[in-house]
Amino acid sequence: MKKDAPVKKEPTRHAKIMRGIVTPIFGLLAVACIVLGVLNQTIWKPNPSISASAPVENTQYLLIDQGVADLVDSTVTVTATSASATANDGVCMALTTSKDAAGWLAGQSYERITGLSSWTELSHSMQEAQGEAKTSDADVAFKDSDMWSQVSCDAGRASLNLKEATDTSVILVDFGQKISDGTIDLHWTRHNIPNFALPWYFGGGLCAILAVLCASVFAMDMSARRKRISARAEKARAERHERRKEEPKISEALAGSLAALKPRGKSKKRGAARHGRHSGSAGATGRVQAGESTPTIVDPHSRNMLAERTSAAGADTGAGLGTGDAVNANETETSAQNTQDTAATSVISPEELQSYFARFAQEVGVDDSAQTAADSADDSANNSTTSSDASSGTSSDTDGKEND
Amino acid sequence: MNTRKKIVSLGAAALSLCMCVTLGACEGQLPQPAKATASASASPNLTTDQEKKMRTQILEAIQKCNDAKTTDGLDKVMSGPELAVRTSEITVAQKTGNLDAKTTIPTDITQTIIPTDSGWPRSVFTITTTTEDQQSKRLLVFDQESARQNYKLWGVARLFQGVQMPKFTVPEIGAQMGADNDSNLKMTPKEAVAQYADVLQNGTNSKYANDFADDYLRQELATLSQTVQQGMERNKGTQSQTFTPVDGQIRIMRSADGGDLVVAQINSEWTRTAGEGRESQPASDSEKALFGDGKATSTMRVTYVNVVALYVPSAKSNAKVTAVGAERQAVKVEAI
């Protein structure tokens, strides 16, 4: 923290670049994005009104494919014009189905509108309809056919205004005779206009955030930032450590549980103890006798919280209490002789355990002596188990007698 | 430094101009039409509105002919057996002064059956309501001969009282037209018509009599035949009636349960020969009207047009082929 002070006074090269170049770039980009967003929302807004047309040449019939009329929007105005189309009923336009249109066009050539080639032009091609053109006296005029759901006829110009164009209907136009000066025009009024402004606003916002970050967090010296971070982490770690002191460690809890399990298994083998739990609770006396010569094992079941509390109140044993209340909770005896026992069962303080692990880490894999040491440690542990077993055996015998 | 600044600002200006050109006036992605779907080709041939418009136009034209008692223009709205029947009915009306009540066709309908079949000829079956004077419902068969022709009333059959009609798909979904050689039925529609003609001709003596449920037309014909027979026997005359299906005059609509509703034309000739040197006279008012001032001889031949509506159930069904409606009209009376 002491080092940070001069850094603040005189910005580093990194900070200069971040604040002097990168931040303005992001700032400019943000402004540009927002400006473009506004432009896209106002003067560059997509035109809701779309008009596309195609010329009609050398044909009498024109067919707008299914799916074209509702291509941009379901509201569409279709207009076919031809100044020379005045024969019969002039220009006639009908809304129908593709199969009916195919029936009417059988054997005829026609211009087919297949879609949009651009926003202002319709793609078109000449086509020959399948089938044979049959004529009979009973044939009706185009406008009189039963097959059209809508029909409109006029000299030189026909128009259909569809409110709900579907992708299954087609539009058939009959110019009455072969014409070459025709035009077909589709006019849509879009209800769903694509919103191009929103992505710009989003980008602008993002750039603004980046600019702010570049001027502040990213402009900081990397090492300072890291230090600050590490200092913060250290503090947090210390806090965590403090908190952890108050609760039992996993290793301790595990060791306690294992100790509770171990003697029960072995005592069964030897046929001495019938109930692990009973032996644990009653075994305090036996353990005192054995504990003087051999290392004691922590048995959380054989602890008396009350005893622990009283002894703790009397004299702060420090290390003994460090193992936690949970471990102490199972003490059974309250007599003065158990003060000794408490000290014996609370041998390992957290500091000691940590230093032990540190040592252990150094020793492991370095030489065989470490292995030997570990082995001897195991042996002593086994010894202690044996002694504790012995004591528990005794106690359970006592139990048995009491029961009798 | 100044020139550098200028270059930078020029570059920025050019860049922004480029952006303006590329980003401005954008209408979005050019839409492409979807590929044609199967549902488009499976749509009914007419909407119910179109059917109503077509039917109303036809019935109005018929009403005009009825009112004027003229057959002019009938062929524009009628075809097939109905054209022959209505022409005869109007001719009779011209003589008698009144159009028979059975010629009434209600304008309201109870059901319309519109197929989805592409190609021509096409049919639409429509069942009307009962008439104002509580006559039975009419089964109307409209027929479109080709794409460039309009629908015409091809046949009318008066449904028998209390008859159970098969169920059909709703017109919004569309039904299917049947084929006259469909073998998935009790008998093909063509066979059904031919056998029914035999049943009409021979009554209970027909070898097919048991394949058909009893119906009103059979009963009526049997009664009429019996009555005439008794009269003929008194003066030692003879009578015979032959029923012949008319080739091609058959319209079929598939019902929802797999059976077919078949409407067909069966022509019949009724030949009556009076005995003992007597003259054979027309047997009804309509025959009389049609015969007019013709010179009667010992033998009279009357040609009838019969339109029968048969329900042919599917092969799996246990039901018999049933006549559900019919129309019968004398069209020609001649002395030979």
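A residue counts as buried if 20 or more other C-beta atoms lie within 10 Å of its own, as exposed if 12 or fewer do, and as partly exposed in between, with C-beta atoms placed from the backbone. The model is predicted: local features need pLDDT of at least 70, side-chain atom pairs count only at pLDDT 80 or more, and totals for chains, interfaces and linings use all residues. Residues are numbered from 1 along each chain as its sequence is written, and chains are lettered from A and ligands numbered from 1 in the order in which they are written.

View 1. Helices (H or I, at least four residues) and strands (E, at least two) are DSSP runs, numbered from the N terminus. H3(B) covers residues 48-68. The expected span of a helix is 1.5 Å times one less than its number of residues. For the 21 residues of H3(B) that gives 30 Å, and the end C-alpha atoms are 30 Å apart, so the two agree. Its buried residues are B:Glu51, B:Met54, B:Arg55, B:Ile58 and B:Ile62. They lie on the same side of H3(B), because they cover an arc of only 95° around the axis. The arc is that of the directions from the helix axis to the C-beta atoms.

**View 2. Around H3 of chain B.** Helix H4 (74-77) and strand E1 (109-113) of chain B are among the elements that cover the buried residues of H3(B). The face turned away from the buried side carries exposed residues, including B:Asp49, B:Thr56 and B:Glu60. Just after H3(B), B:Lys69 takes a positive phi of about 45°.

**View 3. The largest nonpolar core.** A nonpolar core is a set of buried Ala, Val, Leu, Ile, Met, Phe, Trp, Tyr and Cys residues joined through C-beta atoms within 7 Å. The largest has 67 residues. B:Tyr196, B:Val262, B:Val308, B:Ala309 and B:Leu310 touch the most other members. Strand E8 (residues 299-312) of chain B gives the largest share of this core, 10 residues. Apart from it lies another core, of 46 residues, among them A:Val68 and A:Leu172.

**View 4. Where chain A touches chain B.** Two residues are in contact if their C-beta atoms, placed from the backbone, lie within 7 Å. Here 34 residues of chain A are in contact with 28 residues of chain B. On the side of chain A, helix H3 (98-105) and strand E5 (109-116) each give two or more residues. H3(A) gives the most, with five residues.
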